[in-house]
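User: I would like to learn how to read the features of a protein structure, one at a time. Please start with charged side chains.

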Amino acid sequence: MRQAFTLCILLFAATLLAQKITLSGTVVDRERKEPLPGVTVRAGALGTITNAEGKFQLVLPAGTHELLFVYTGYEPARQVVRVLEGQLTELTVQLSYADNLLQQTTVTAGKYEKPLGEVTVSLDILRPRLIENVNSTQIDESLVKIPGIAIVDGQASIRGGAGFAYGAGTRVLILVDDVPALQADAGYPNWADFPVENISQIEILKGAASALYGSSAMNGIINIRTRYASDVPETDAAVFSQIWGNPRDRRMKWWGTDTSGIFLPVEAGYSFAHRRKTGRWDIVLGSFGVYRDSYNKDTYARYIRFTPNVRFRVNDRLSIGLNSNFNFGRSGSFFTWANDSVGAYLPGANSTTANRGRQRYFIDPSVQYFDLAGNRHRFLGRYYHVFNDNTDDQSNRSDMLYGEYQFQRNMEHLGLVLTTGVVAIHTSVEAILYRGNYTTQNYAGYFQLDWKAFDRLNLAGGIRYEENILKSPEIIQISPIEFDTIPNGITREGRPVFRLGANFQAAEATYLRASWGQGYRYPTIAEKFINTSFGVGNVGPNPDLVSETGWTAEVGVKQGFALGRFYGFLDVTGFVMEYDNMMEFDLDRIFPAIVFKSKNVGNTRTTGFEVSLMGQGALGPGTFYLLSGWTHIDPIYRLAKGEKFDQSKYKTSVDRNVLKYRFRDMVKVDAEYVIGPNAMGVSVQYNSHMEAVDLIFELGIPGVKSFRDRYNKGFTILDLRASRKIGKYLKISLLCNNALNQVYSYRPALLEGPRSYTVRLDWKL
């Protein structure tokens, strides 16, 4: 009898342990209470991931289990739970953002979330905190604080990969939420379109990225990721005002002494964003406006931007989004100064242009679906319309249609992530500026495989095939007496590009990486067909312009460190960039008139190194934030064996082999210390002397050569800021930019501003 009773007890216990019970839960961000999709949830050998709503279900045997929650960019969390038959167990788990900067989440390198430390290429992250604290009215004003980034007259260059191409042809692709956002006709970034009022983070990928992102990603990627709504409604608002003081050389001051009615250069504006969830709807409403009269005469801006975004979560697997951006305004500027003294902030002859009105907007539909096998299907679309009503017959209209289907399979048990997709882009352009109507079509397919092996080694490889079709007029007028013919008005070209990368975690906070990637850039319509005049001459078309190709290779090491609760990393990188048939605007002739054209100027090589030091966290009684780096490059033309450098061939201002419009050395430091409600910040930027420019600028524009001879030691810019929180919701900030009142220029014949003062008031609810 006793044996039978004992046997029954054992059978009952075995039955209880064999019972399977479903554990449900939700994982959210601890600070914002926002659901986190894609969190890995493990209980021993069993595991799952959270869906788009941050929810998960895990079937477990009855008993006690320790759950592990892992999510890129957040601190891992453990929780012990006891699940019993007949009891409904549902958890809410909160994850905290990781102070360790190496664990910051990135998506640009592989189109899926990955910790910064494991990325196989150089990639930096710009957080919205810095954009707000330095009162950036445009994102490029903050990007210049990133090591290796230069913005020359609106064009971005990474590690000297690009020079100066006024209004056309960038080698750095700008994305907004993973979709290209360059103006279709000129490949130009309209910085005033990008929503500083609603940024999640900006990711800067350095080096060729054409294998994943195509033409224009030859020198890198700037991916602007906007914020979604959280469970807790958020409202951010700010007003600001900036004034410029007197230049160091008082002869340069024109305001208050002429008939323009402008007594002081001034800028004023506002920023607003509201984010909330309502049922299954995510709603983001943003707006930004600026009124600016610049220190450069006849240079001004008046515009307003609206950025309404919505997302509807149909169910746990399917979501549909519609983001939009509308920008209306007008502006004016000049291309070259009158001279380097009394006319430094005055326009030169025939160099002023004005935008009498602009309408720019993009509308972005998107769909994301996770199938029953956990595969992600994603559609991204964009309709981008630009109309600029410009003076001097330089008006232009362009429309772009973009569509991308992406499939991603995460084979977690093998450590593999497969990403593949197809892209189609159609553009139409109409402008007097190009003397005709043009259409382009771009079709591409890409495939990338990422493999995490042995929990330490990350390998990545990808391929993309891209085809470009350009339809133009058949007869192109080169000059009053010259014409060129494009058979049937059709130009077609296809090309594959490849990339490889590796990252090895040698120690707990030591990551070694190496990468090689090909770059490819198809000429823009502006580069091939522009036909207009500007200050010192004319810009002519070049329908014979061909694509540039190249590659970037780098090796680097990231070393994380912790000083108490201050976390950071040191990154050291060596790199090489080679371009074939590099395209740049170049002097074509000086008689009977000065004419510039975009030309294939030859083959180039840029070698260099970059050292970055980043950190944030508790230090002493406060919190310290640090962003710093030094970039050194050696940019040259690749000459044939035995060939000597010919200054006249490259039409450069120096008789040595160095590419035009590059800074050999750039040193950048931005630091901020926060104690309680008070914060103090400093930003320092040093750029070495720009050794080489177009010779015609020194010969043909008054004061360029004398200015460059006087200021040939480079320049250092010091910006200061301080802020104080007032109560729970308000913050007031005071900023002083160019505190040393330096006289400096990023490119010939356009002087940067004197010392300025800014007051900003922020309200957060």
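User: In what do the side chains of Lys597 and Asp588 meet?

Analyst: In a salt bridge, which means that a side-chain nitrogen of Lys or Arg lies within 4 Å of a carboxyl oxygen of Asp or Glu. For Lys597 and Asp588 the distance from N to O is 3.9 Å. The model is predicted, so local features need a pLDDT of at least 70 and side-chain atom pairs count only at pLDDT 80 or more, while totals for chains, interfaces and linings use all residues. Residues are numbered from 1 along each chain as its sequence is written, and side-chain values use heavy atoms, with hydrogens and water left out.

User: Why does Lys597 count as buried, and why does Asp588 count as partly exposed?

Analyst: The general idea is relative accessible area, taken with a 1.4 Å probe and protein chains only: under 20% is buried, over 50% is exposed, and partly exposed is in between. Lys597 is buried because its value is 12%. Asp588 is partly exposed because its value is 24%.

User: How many salt bridges are there by this rule?

Analyst: The count comes to 60. One of them joins Arg360 to Asp193, with the closest N and O atoms 2.9 Å apart. This pair links distant parts of the chain, 167 residues apart: Arg360 is in strand 23 (residues 352-370), and Asp193 is in the loop between strand 14 (179-180) and strand 15 (199-206). Strands here are DSSP runs (E, at least two residues), numbered from the N terminus. Arg360 and Asp193 are both buried.

User: Which residue forms a salt bridge with Glu672?

Analyst: Arg721 does, and the closest N and O atoms are 3.1 Å apart. Glu672 is buried because its relative accessible area is 5%. Arg721 counts as buried too, because its relative accessibility is 11%.

User: Which residues are linked in a network of salt bridges?

Analyst: Asp124, Arg159, Lys206, Arg513, Glu554, Lys558, Asp571 and Glu610 are linked in this way.

User: Now to rings. How many aromatic pairs does the structure hold?

Analyst: It holds 32 aromatic pairs. Rings of Phe, Tyr and Trp (its six-membered ring) pair if their centres lie within 6.5 Å; planes under 30 degrees apart count as stacked, over 60 as edge-to-face and the rest as tilted. One of the pairs is Phe56 with Phe69, edge-to-face at 5.9 Å centre to centre and 65° between the planes. Phe56 in strand 4 (residues 55-61) and Phe69 in strand 5 (residues 63-70) are 13 residues apart, and their pair links distant parts of the chain. Phe56 and Phe69 are both buried.

User: Why is the pair of Tyr744 and Tyr746 edge-to-face?

Analyst: Because the ring planes of Tyr744 and Tyr746 stand at 80°, with the centres 5.8 Å apart. Tyr744 is buried, at a relative accessible area of 10%, and Tyr746 counts as buried at 16%. Rings can also group: Phe164, Phe335, Phe596, Tyr661 and Phe697 form one aromatic cluster.

User: Which ring does the charged end of Arg302 sit over?

Analyst: The ring of Tyr291, at 3.9 Å from its centre. A charge sits over a ring if NZ of Lys or CZ of Arg is within 6 Å of the ring centre and within 35 degrees of the ring normal. Arg129 likewise lies over the face of Tyr625, 4.0 Å from the ring centre.

User: Last, strands. Where do the side chains of a regular strand point?

Analyst: They alternate between the two faces of the sheet. In strand 13 (residues 172-176), five of five residues are buried.

User: Which strand do five bridges join to strand 13?

Analyst: Strand 16 (residues 220-226), and the two run parallel. Strands pair if DSSP finds at least two bridges between them. Val176 stands opposite Ile224 in strand 16. Strand 13 also pairs with strand 14, antiparallel over two bridges, and there Val176 stands opposite Val179. Strands 13 and 14 form a hairpin with two residues between them, and Asp177 in the turn has a positive phi of about 55°.

Technical notes: Helix = DSSP H or I, 4+ residues; strand = E, 2+ residues; numbered from the N terminus.
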